[in-house]
Amino acid sequence: MDECLLGFDIGTTNSKGLLIDPDLNVIESASIPHGVSTPEPGWVEHDPTEVWWGEFIDVTRKLLTESEITPEQIAGVGISGLAPSVLPLDESGAPLRPGMLYGVDTRAGEEIKLLNEWIGEDRIFEVCGNSLSFQSAGAKILWLKRNEPEIFERTETIVDAVGYVVSQLADEHVMDNAVASFFSPLYNLRELEWDTEMFELAGLDPELLPETKWSAEIAGAVTPDAAEQTGLAVGTPVVTGAVDAIASLLSVGGVDPGDTVFMYGTTGVVYSTFAEPRTVPGLWSTPHSVEGKYAVGGGMATSGAITEWFADRFAGDAVLDDGVGKAKYDHLTEEAAKIDPGSEGLVVLPYFSGSRTPLNDDQARGTIAGLTLSHTKYHVYRAILEGVGYGFRHNLEMMEQGDVSIGRTFAIGGGAQSDLWRQIVSDITGYEQEYVSNPLGAPLGSAYLAGIGSGVFDGYDMLKTSTTVATTTTPNPERTATYDEYYDVYRDLYPAMKGEMHRLASLSNK
């Protein structure tokens, strides 16, 4: 083997990496779990040195050791990650505080109000293609200026998670266009560049943010210091990197208009590819990782996080079946599959960490409606899976109302391994889902981008032709009709309970 490619992805609760050869065969893979820090209500952070850079070092060294690949065989490095995150660096490139994460971090509510007053909501949407929400990193920069002025005064550059790892590897500060589009109100979606007028209106300096590039553009090369820490060879090309959801879409060949991915991760995300910029109020409009392509998407604050919470807190230990232990997820799924659609009158609102798109309400709260003494933990578990399905449908309906056409759909992420969950989502949304046989997700997408940037690949056809569908989940019209009625209840519950949710959120923060 003459060459291979390294892909690495920073997730909310784990980091994953792999090595692939030019035929897209996986040589070696590795992952490391991690948590988040929540030092204040509404704050969600990562330690950039320990989680983002430290885990890149650990995963890379493990990949090299286990694969017996020599560093010189690695033709390029690509990184994807949760987005957007906000990390201020001093003039030496050192972090000044923990990194603020994407829309699950809701600290900048006051700053969103101020920016909307100063600039105007219509003007922000016109320039950015996105309304301000807790996903908007520009508001968090203003929060930093207003709430941590000593740190802001020392800030030389602000990067995201991927940009920080790239800076440690190549001593260059860059940002992917798709990540930059989440820095509303500072990025112009039509012009694909920072908007100096918006910086002025927001009272921020354009020099705070790095140059933007396409995901596969070379950002720099591995420095001697980074080589010593990681085991990589000096001079190895490093590409700019990508948003994790778009890298996941790319990993299944999602480069044609209408190609759509359902991500069953810690948070649930839906993303679709387009040939031109598309804007949908309440959702995210971004450039794609592929130059000249665009994407529209949305996401829930929690999906897999709720199933993990429920399994850990309420499911109990693994169940013995004829003396053989069963994993709790397997047992929960097995029993939940025996229950009819609708969980015998239960509806879950999956707003356990607030709601991202399309409600964008940090004070929304998780709700289990319809409980009776006849319900079991298996009913509740199924209702949680259904609640996430309703959340997917809500986002998809917003896309459809915005004249966004959904084409081929793929299911990826850890939760997509569940046949039951995929079937529930297809039955609720009415969309067929293709589950790939080896769902490598974002690390594969980022490795492929490294191959584009380093010249190993000259296009995206190989990704499209190499995607092997293991199974296709087709909606059942009879179950869809049942879920239509439950979905109506789901949509009515939030406006009916919004005021009380907000009161409870206020009480819990006292």
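Predicted model: local features only at pLDDT ≥ 70, side-chain atom pairs only at ≥ 80, totals over all residues.
Visitor: How much of the chain is buried?

Guide: Buried residues make up 60% of the 510. As for contacts between residues at least 6 apart in sequence, 72% of them join residues at least 24 apart. The accessible surface comes to about 19,600 Å², with 46% of that belonging to carbon and sulfur atoms.

Visitor: And the charges: how many positive and negative side chains are there?

Guide: There are 32 positive and 76 negative side chains, and the centres of the two sets lie 7 Å apart.

Visitor: On to helix α13. Why is it called largely enclosed by the rest of the structure?

Guide: Buried means under 20% relative accessible area. In α13, 21 of the 25 residues are buried, so the helix is largely enclosed.

Visitor: How do you know what span to expect for α13?

Guide: At 1.5 Å a residue, 36 Å is expected, and α13 (residues 377-401) reaches 36 Å from its first C-alpha to its last, which is close to that. After the helix comes Asp403, with a positive phi near 60°.

Visitor: Arg382 sits in α13. Is Arg382 buried or exposed, and how do you know?

Guide: Its relative accessibility is 5%, and the cut-off for buried is under 20%, so Arg382 counts as buried. Glu148 is another matter: 234 residues away along the chain, its C-alpha is separated from that of Arg382 by 43 Å.

Visitor: Where is Leu24, and what makes it count as buried?

Guide: Leu24 is in the loop between β2 and β3. Its relative accessible area is 12%, and under 20% is what buried means, so Leu24 is buried. Leu24 is not a glycine either, yet its phi is positive, about 70°.

Visitor: What makes helix α10 mostly covered?

Guide: Eight of its eight residues are buried, among them Asp244, Ile246 and Leu250. Just after α10, Gly253 takes a positive phi of about 80°.

Visitor: Why is Thr240 called buried?

Guide: Thr240 has 2% relative accessibility, against a cut-off of under 20%, so Thr240 counts as buried. Thr240 lies in the loop between β14 and β15, and touches Val162, Met175, Lys213 and Trp214, among others.

Visitor: Last one: which peptide bonds are cis, and where are their prolines?

Guide: One of them runs from Ala83 to Pro84, with omega near 0°; Pro84 is in the loop between β5 and β6. Another joins Ser184 and Pro185, with omega about 10°, and Pro185 is in the loop between α7 and β10.

Methods: Residues numbered from 1 in each chain as written. Heavy atoms only, no water. Buried < 20%, exposed > 50% of the residue type's maximum accessible area, 1.4 Å probe, protein only. Contact = heavy atoms within 4.5 Å. Areas by Shrake-Rupley, 256 points an atom, 1.4 Å probe, with all protein chains shown as cover. Lys, Arg positive; Asp, Glu negative; His and termini not counted. Charge placed at Lys NZ, Arg CZ, Asp CG, Glu CD. Helix = DSSP H or I, 4+ residues; strand = E, 2+ residues; numbered from the N terminus. Expected span 1.5 Å × (residues − 1). Lists of a residue's contacts leave out its neighbours within four places in sequence.
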